[in-house]
Amino acid sequence: MRFAILGPVEVTSDDRAVPLSPIRRRLLCALLVAGKPGLTADALVEALWGPDADPAAHERSLKTLISTTRRAVPGRIPLGSSRRYRLVLDPGDTLDVEEFRGLVAGGGPLLEAGRHGEGAAVLRQALRLWGSPGLPDLPDLPGQPSMLWQARDELLAERAAAQMSLLAVLTELGEHREVIRDVRRELESDPLSEPLHALLMRALAASGRRADALRHYDAAAETLRQETGSEPGAALRQLRANLAADDHPAAHPLVVPAQLPPDVVDWTGRAEEVAQVAGFLRTAATGVPIVTISGPGGVGKSALAVHAAHLLRDAYPDGQLYAELPGMAGSPDLGKVLGALIGALGVAPEALPRTPAERTALLRSLLAGRRVLLVIDNAVTSNEVRALLPGTAGCAVIVTSRKQLSGLPGACPVIVDPLPRDDSLCLLGRIVGRSRVDAEPDAARQIIDALDGLPLAVRIAGARLQRMRHWPLAHLAERLAERRLQVLTVGDLAISASIAESYEAMPEHLRVAFRHVSLTGVGDFPSWIAGVLMGGAGSEELLDALTEHSLLATAGVDDVGQPRYRLHDLLRLYGAERLAEHQGEHDDAVRRLLSGWLELVGRADTLILREPYHPPPAPIRRERPALAQAREAIDADPGRWLSAEVGNVLSAIRLACEEGRFRPATGLALRVASILHAQNRHREAEDMWRRIMHAAERPGVPGAAGDARIAAEARYRVAALITRQPGGARRASPLLDMCVGVWEEVTDRQALSRALSLRAYCAVAADRDHGDHGDGGVQLKAAWSGAEQAFDLAAGRHRYAEMLAARTLGLVAGADGRHGQAIRWCSAALKLAESLAGAAGETHRSYVVFALTGLVAALLGAGEYEEGLELARRGRAMARAVAYREGEASCVERAGDALARLGRREEAAAQYALAADLFDVVDRRKAHRCRRKRDAVRA
């Protein structure tokens, strides 16, 4: 079907007109103009029967009208939902509005290429779709509701722009009679249009009727004075002066400005952003389309704007204007900027109006009816931009700003993020030479990672490498690792200066907020951190303001529904340098950050499953109002919250260690250890404890003393993690010797008991792993002695340490062939674990599973296979109930061991295969061990 609405509404199907009554024509026109959103039933009643019509009284009439119209255009008006109606075209349908827009868009390239005759023919064809001259425009489009009236204005503006373009090219082609006739007809409906008056005067003068042109000026000036109370604009006055001086203006083409800066020759990446800008400005059909490009300094906003503008030259054949504003450096002289733009359009300096408002009006008059692209670079406020905007459809605008401008209705926002690593590498290669990057790929990646994806930083680094051609890339990578911001300076380009421009332009309270969020680390962070860092309410507003200034980026919403933010790395470093200049402010912010994390991580840690190899830390009772939202998220799903934040907690621990604050670092580490264990992040846990160990031994805060206890605890944790590694038992033993020495000296019975137990376990494990049977008796005797001492230190005083010592005694006895003792000690350990878990609930069930696996091993060693199998199955059920995957895998492996010794080889193989699958997530070494066992029982 073909639908036509620009003239009287017509619908044709197979070249036959569909009969339509006047009210059906209005209905179809309203629905086609409303487009995909459609119209409500009440809006349709207003459109068809007037603003005073009662929707309830016309409800039945509307339903009948919709029903009969559906039969006239079958399949095009779907059933209304929520009393809303719309018209949906089939893929093969056509609409004259879209035909008109397509023809106008197709005429632009022809005019740009100088094919004026062909371009004029296409524009004529487009305008014929509006019906014969003199007929009403859009006669069947209702004037109510307001959105239909607005759509009417926009369509008429498109028609007027196309008409102006046609009249202008006809003037160039010398078809003055047609221009004079058509312009006079247009002036009947728009007598205040100065561009139309100017076109008529040019056509009259070009046809030899200069006197008539001057007389028309006088008549137009009188009309303007009577209707508006003001004189004609500068452009029209200049045209009149030229005609009076016998200067034949029609003999000269209109000025076509080409002010764009040169496009970058090594343009890299940004395909999605370019497509977004170009797509919006090529397809926008109403009003003045505006694209705003925002992002931090150095991210490539101006380069993107200029690159896209060059690609759009064919769509805007009447020229490209460029206005560079001072940005954060100060307020622009808008009168001067407007004067430069108007001058680029051919107006002499002496003809410029005096006030900025008059210059804005003249600029809009000069651009009316033309297709010009205006690039406004480095704006700060929407007010600056509004004064420079064209007033009629046909032109388009690209604005760049470090701020996200929100006061330009209908603008398409494009937020520019840092370049991805591959694009950054490609850009560096284009600057310094691909061969140089290929020769040192690792160093090139280190450089790019240090530049945080900012094209300005890549260009500065590339410029330094170009100047220092003898430098290996690795040398620059090392310098960037040491003093990144200081190294990123070359000539008059400096990353610090670029960031400082945004930073210094903000009010002091935002500068303080920016300095504080520099403590959040390299990952994204939740909004509540700002409240903790800034010590009060209003943090959300501060974050929004920093985001608006492009000094902070949004990072979506996390799994628990909290909005998240990210500070790009170079911005973070700059903020940290500024914060270091305010020592008291820095210290207070760090204390607040660490205590906030400690409170929340402590709460979450009490609600998740404990790691079984260490005692639970003491609970933290404090609850600050500023953290209420975070506490709600924790209570709803503590494991999910911890998983989202564990990276930030590790960053906070690193920060604390760097500043010698090893006590809060230890508090955080104790309470994040369980989630690290659950997520199999053992290397990160080891790095965390090593940092604390070094910080406690060599404090970094002036006047602070080290802490032997904390250093020993960190060393003990490192040793425990090392035992999980191949050959780890032997490597852990010297560390444990040091821990034993410290805890004996400070008389810490609980800690000493744990260290003795782990050292005894390591002795047994080393003997088993390496098969050192020559001195095995001596080692086992020493292990038994140490485990006995551990038990005596803890018995009746420290339940976890007592349980650990009893389990270790059972393992040592089993290794020494004393299976009855092994069973008794492991049974005692299980009872202690059950009592330990009794009051705490499910979060401590891991201790029970841990002790239970020791008892299963003792039973199997004693030949009690059936009892061991039953206990292993019980342990697996318990582990599954609390989602303790490592414990479940251990119990399944033990069940396989029992089945293998019972001769039930197929069942054993199945258990080993299942255990291997479970271990794959938590311990690859044990998974490999289970697969070897599976293969052995199948052989």
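Me: Why is Ser846 called buried?

Reply: The model is a predicted one. Ser846 has a relative accessible area of 0%, and buried means under 20%, so Ser846 is buried.

Me: Where does Ser846 lie, and what is Ser846 in contact with, leaving aside its neighbours within four places in sequence?

Reply: Ser846 belongs to helix H38, residues 845-861. With those neighbours set aside, its contacts are Leu609, Arg610, Glu611, Pro612 and Tyr884.

Me: What makes Pro625 exposed?

Reply: Its relative accessible area is 72%. Exposed means over 50%, so Pro625 is exposed. Pro625 sits in the loop between helix H27 (583-605) and helix H28 (628-636). Its C-alpha atom is separated by 14 Å from that of Ala530, and the two residues are 95 residues apart along the chain.

Me: Why is H6 called roughly antiparallel to H7?

Reply: Helix H6 (residues 146-172) packs against helix H7 (residues 176-189) at an angle of about 155°. Angles over 145 degrees count as roughly antiparallel, so H6 is roughly antiparallel to H7. The axes of H6 and H7 are 9 Å apart, and the crossing is left-handed.

Me: Which residues make the contact between H6 and H7?

Reply: From H6 come Arg159, Gln163, Leu167, Leu170 and Thr171. From H7 come His176, Glu178, Val179, Asp182, Val183 and Glu186.

Me: How do you know that strand S10 is mostly covered?

Reply: S10 spans residues 396-401, and six of its six residues are buried. Both faces are covered. Ala396, Ile398 and Thr400 are buried on one side, and Val397, Val399 and Ser401 are buried on the other.

Me: What makes S7 and S9 partners of S10?

Reply: Two strands pair if there are at least two bridges between them. Five bridges join strand S7 (residues 290-294) to S10, and five join strand S9 (residues 373-379) to S10, so both strands pair with S10. S7 and S10 run parallel, as do S9 and S10. Ser294 stands opposite Ser401 in S10, and Leu374 stands opposite Val397 in S10.

Me: In what order do the five strands form the open sheet, and what makes S8 and S11 edge strands?

Reply: The order is S8-S9-S10-S7-S11, with parallel pairing. Strand S8 (320-324) and strand S11 (412-415) are the edge strands, as each pairs on one side only. Neighbouring strands of this sheet are turned by 15° against each other on average, direction ignored.

Me: How many bridges join S8 to S9, and which helix lies across S8 and S9?

Reply: Five bridges join S8 to S9, and the two strands run parallel. Tyr322 has Val375 in S9 as its bridge partner. Helix H13 (residues 334-344) lies across S8 and S9 and runs at about 160° to S8.

Me: How do you know that the reach of helix H41 is close to the expected value?

Reply: H41, residues 905-922, has 18 residues and reaches 26 Å from its first C-alpha to its last. At 1.5 Å a residue, 26 Å is expected.

Me: Which residues of H41 are buried, and what covers them?

Reply: Ala908, Ala909, Gln911, Tyr912, Ala915, Ala916, Leu918, Phe919 and Val922 are buried. Their cover includes helix H31 (682-697), helix H40 (885-901) and helix H42 (924-938).

Notes: Residues numbered from 1 in each chain as written. Predicted model: local features only at pLDDT ≥ 70, side-chain atom pairs only at ≥ 80, totals over all residues. Heavy atoms only, no water. Helix = DSSP H or I, 4+ residues; strand = E, 2+ residues; numbered from the N terminus. Buried < 20%, exposed > 50% of the residue type's maximum accessible area, 1.4 Å probe, protein only. Contact = heavy atoms within 4.5 Å. Expected span 1.5 Å × (residues − 1). Axes fitted to C-alpha atoms, helices over the stretch in contact; angles between N-to-C directions. Parallel < 35°, antiparallel > 145°, perpendicular 65-115°, else oblique. Left-handed = near helix turned anticlockwise from the far one by under 90°.
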